[in-house]
There are 2 protein chains.
Amino acid sequence: MAEREFDAIVIGAGPAGEVCAGRLADGGLEVALVEQELVGGECSYYACMPSKALLRPAELLAEVQRVPGAREMISGELDPDVVLRRRDEVIHDRDDASQLPWLEARGVGLIRGHASFSGERTLTVGREALRARRAVVVATGTAAAFPPIEGLAEARPWTNREATTAKRVPSRLLILGGGVVGVEMAQAWSSLGSSVTLVEAEDRLLAGEEPFASEQVAAGLGRGGVEIRTGARATAASRGQGGQVSLGLDGGEELRGDELLVAVGRRPRSDEIGLEAAGVAAGGYLEVDDQLRVGGSQWLYAIGDVNGRALLTHMGKYQGRIAADHILGRDVAATCDKLGSPRVVFTEPQVAAVGRTLAAAGEDGLDVRAVDVETAANAGASFVGRNAPGTSRLVVDEDHRVIVGATFVGPEVAESLHAATIAVTAAIPLEQLWHAVPTFPTRSELWLRLLEEYGL
Amino acid sequence: MAEREFDAIVIGAGPAGEVCAGRLADGGLEVALVEQELVGGECSYYACMPSKALLRPAELLAEVQRVPGAREMISGELDPDVVLRRRDEVIHDRDDASQLPWLEARGVGLIRGHASFSGERTLTVGREALRARRAVVVATGTAAAFPPIEGLAEARPWTNREATTAKRVPSRLLILGGGVVGVEMAQAWSSLGSSVTLVEAEDRLLAGEEPFASEQVAAGLGRGGVEIRTGARATAASRGQGGQVSLGLDGGEELRGDELLVAVGRRPRSDEIGLEAAGVAAGGYLEVDDQLRVGGSQWLYAIGDVNGRALLTHMGKYQGRIAADHILGRDVAATCDKLGSPRVVFTEPQVAAVGRTLAAAGEDGLDVRAVDVETAANAGASFVGRNAPGTSRLVVDEDHRVIVGATFVGPEVAESLHAATIAVTAAIPLEQLWHAVPTFPTRSELWLRLLEEYGL
């Protein structure tokens, strides 16, 4: 078997792998990118992109309903078929051809197939043997995790993949798990006509976010007709002969639906590529340092979901840039994710957050104080997100007078987040933020309200 | 005539005056706020607020048209009557009662009437004599300026006041001036059905912004049916017996309309309050230092439009805060406006900018480089502002590797500006901005594209 050599080999062509491979090639290296499914990864076909395609029309129509002069022009109900067709367009009907020119333009060699390590820096992909002169980057991502619930696998549940690509609107949808996937899919399918029941074992949705975010998203889903069962443990699942799914809860109650989405977390795809042959213990998230090297290795990197640092497309891409730069010999380190990665939940209202929650900052031993205002308590909200409930919070590190966390809850707050991301990442003192004047009449004046509330 | 004493007297209850008075009262001072028209000022009734009320429905419907799944639900044309009613609601039918509780809660004494200086720190308002123990703050704003065009006054033109509060949609509207007021009103009234012709003497609209912003706004207005005449000088105006307005252009052409809006700039209202009696030369913008003191005075301040530093509501409010803090004995200085104030033009596309344009930075002797990307060249733009043209630019100071200017052109970019305002104001090095990761899939990834384009 002839061996082909590259400077670097990237395994997994999701966003992290693509960005890393492209940047390595831009840096002058000869790069192979190995992909066994679709170039573009989970994000492009089964996560971020189709979910936003499903969510956006209803989100926009909710905004239209809030604006007199516009709302009079809306007629009828959302047509699910049109939305599903647009979703298919966004995911290119799961054809990755449109992703290839970007790689080709950079001279990245795409190798389709399953990669398996055969030793240090060496891999096989089908009948091909590959050797990396400098580095191998693992970017294999995650898959949906299944909790140990009796009968679950046999009940043929949906994962994020089926939930984002389904061709029909299920009449009744059960969702197990109130994290980001669970709440976004509850929002999307209920807006398209499903009767949705959401089951979460914790006592609130989005347990990692500020409590008010959990409450406001739950209230929004409730207004949309979603039935929310927090503090509820599923104990058994089954699919009957008529195709109906049952989910048994601790306590004896049984919920019924046409489909059951399991969204209780992810498992790293680190055990499918023969890492043992490279001398690395496989299974679990691959632990990396701030240069994204696995276990102190000089040649093995892991980026994106598979290292477990921050399961977010933009953070995977960030790590891809950092890893590429390090492989290219630059002195770099990933710092953003350790401060608390920026994140947006595209529900109605949205949750846009960065850094630590008040509770997390306290647990980290920081001397913090939170200031809260209503997201809509400014003139800009007369025009956008009008009258919609939602809270905005800054978490201030009192010792250094910098923001270590920010959470905005409200309609269409996603684009408001980057200001906070800059403030948290660059640790800008409050006194300097005070001179960054928000424009009137935009909703960014909530920054003014927050700083005034703090006492500036 | 009995004299009433206050710690501070603020003349003019527009946003700048209100904010200043409120902050002084919050700081423990006894404060009088004098207003001869409406509490809330030009902004609340004749500028920012009604203009956005007129613009928002059409802006939102333009976005709906870009989103498959939503656009199918729009029927018919915008109903101008509904939009005009909503505008009236936003300006409270020009009743300022809703503004009063905010002042009352702070214990600010509102005095209605025309203020005129009678000496240093002393004023008369009608039959009342007022004395300020500590400071007098002039916040009288600006009014529409009229160019010396033959017959203009007699032609009874609209100013911003009539243009924002008109009760009927003029069938044909002539607009003189292609600055912010001119382009926003062209956008608003053309979207409501007016046939609009916009006349600008300069060779482009929005002459202070980046050239691509001018071009893209002109193209957007053009798509909306606005006829734009740049490089055209008006020489004469008249109103005929039928009520029709004529505007004669240099070269002999004559334009006809039902109304004529004059929007060629502002004049400071500094000559109406007897400043001579306080020993200050009146007329023109009142020159102030960074503490907003007029001509080195220890007691006289001028904030907002009347000092000419930055004719923007948010900058007036900022100056109001700075002036109040200085009067309260704090060591403060206005710095934000000197870097180039943040500003948003609410056309379709919008222009959101802060700091210097490339040309202005060059004129200031900075060694700068501009990087440009398409505002829509990111995944977030699949969902918001889809397929809409627009450019985004950063102007980088190469000596200090900081951003000294940013301009975003595109639909609904207003909320994206604050990130740039923070970056410019706090002078954050590019290397730090690189670690502020924009969230996927939001349009804030244009930051990533811009920094990559720069070479990071």
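Of the 456 residues in chain A, 57% are buried. The model is a predicted one. Chain A holds 13 helices and 21 strands. Its radius of gyration is 23 Å, close to the 23 Å that the globule rule gives for 456 residues, so chain A is as compact as a globular protein of that length.

**Overall form of chain A**
- Along the principal axes, the C-alpha atoms of chain A fill a box of roughly 70 × 65 × 45 Å.
- Among the contacts in chain A with a separation of 6 or more, 67% are between residues 24 or more positions apart.

**Domains of chain A**
- The domain assignment gives domain 1 as 3–40 + 96–143 + 267–338, domain 2 as 153–264 and domain 3 as 349–454.
- Between the C-alpha centres of domain 2 and domain 3 of chain A the distance is 30 Å.
- In chain A, eight residues of domain 2 are in contact with 11 residues of domain 3.
- On the side of domain 2 of chain A that touches domain 3 of chain A, four residues are nonpolar, two are polar and two are charged.

**Contact between chains A and B**
- Chain A and chain B each give 61 residues to the contact.
- On the side of chain A that touches chain B, two or more residues come from each of helix 3 (48–66), helix 4 (80–90), helix 9 (313–327), strand 17 (343–345), helix 11 (417–425) and helix 12 (430–433) of chain A.
- Helix 3 of chain A gives the most to this side, with nine residues.
- The side of chain A that touches chain B comprises 36 nonpolar, 16 polar and nine charged residues.

Technical notes:
Residues are numbered from 1 along each chain as its sequence is written. Chains are lettered from A and ligands numbered from 1 in the order in which they are written. This is a predicted model: local features need pLDDT of at least 70, side-chain atom pairs count only at pLDDT 80 or more; totals for chains, interfaces and linings use all residues. Helices (H or I, at least four residues) and strands (E, at least two) are DSSP runs, numbered from the N terminus. The radius of gyration is taken over C-alpha atoms; the globule rule is 2.2 Å times the number of residues to the power 0.38. A residue is buried if 20 or more other C-beta atoms lie within 10 Å of its own, exposed if 12 or fewer, and partly exposed in between; C-beta atoms are placed from the backbone. Two residues are in contact if their C-beta atoms, placed from the backbone, lie within 7 Å. Ala, Val, Leu, Ile, Met, Phe, Trp, Tyr, Cys and Pro count as nonpolar, Asp, Glu, Lys and Arg as charged, and the others, Gly among them, as polar. Domain bounds come from an automatic or database domain assignment.
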